[in-house]
Amino acid sequence: MNAVYEKPRGMANAITKTALKFMAIAYGNIPSLKKYLKTQDGWHDFSISLKTEDNKVAQSLFFK
């Protein structure tokens, strides 16, 4: 997991960061979820980003 932009602080930002970290751990370590990241052509590379208009919440998660 790589953080792209971590400047904003606050409760909503902390909750979002925790949720994305949980997703990264779950999809990286639980075989029943990990199977969704692979196809016959290989592994999927993708990112999930959440950002509010006022930049109070800004988090990104990259699966490589």
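In this predicted model, strand 3 (residues 46–51) and strand 4 (residues 58–63) run antiparallel and are joined by six bridges. Within this pairing, Ser49 stands opposite Ser60 of strand 4. The two strands form a hairpin, with six residues between them. Asn55 lies in the turn of this hairpin and has a positive phi of about 60°. In a regular strand, side chains alternate between the two faces of the sheet.

The chain as a whole contains two helices and four strands. Their order along the sequence is α-α-β-β-β-β, with helix 1 covering residues 11–29 and helix 2 covering residues 31–34. Among contacts between residues at least 6 apart in sequence, 49% join residues at least 24 apart.

Helix 1 is made up of 19 residues. The distance from its first C-alpha to its last is 27 Å, close to the 27 Å expected at 1.5 Å a residue. Four residues of this helix, Asn13, Thr16, Leu20 and Ala26, are buried. Viewed down the helix axis, the buried residues fall within an arc of 160°, so they line one face of helix 1. An α-helix has 3.6 residues a turn, so residues three or four places apart point the same way. The other side of helix 1 carries exposed residues, namely Met11, Ile15, Thr18, Phe22, Ile25 and Asn29.

The cover over the buried residues of helix 1 includes helix 2, strand 3 and strand 4. Thr16, one of these buried residues, has a relative accessibility of 13% and therefore counts as buried, the cut-off being under 20%. Leaving aside residues up to four places away in sequence, Thr16 touches Leu50, Val57 and Gln59.

Across the 64 residues of the chain, 20% count as buried. The chain exposes about 5,100 Å², of which carbon and sulfur atoms supply 57%.

Confidence in the prediction has a mean pLDDT of 77 over the chain, and 86% of the residues reach 70 or more. Helix 2 has the highest confidence, at 86, and strand 4 the lowest, at a mean of 77.

Methods
Residues numbered from 1 in each chain as written. Predicted model: local features only at pLDDT ≥ 70, side-chain atom pairs only at ≥ 80, totals over all residues. Heavy atoms only, no water. Buried < 20%, exposed > 50% of the residue type's maximum accessible area, 1.4 Å probe, protein only. Contact = heavy atoms within 4.5 Å. Areas by Shrake-Rupley, 256 points an atom, 1.4 Å probe, with all protein chains shown as cover. Pairing = 2+ DSSP bridges. pLDDT = per-residue confidence, 0-100. Expected span 1.5 Å × (residues − 1). Arc of directions from axis to C-beta.
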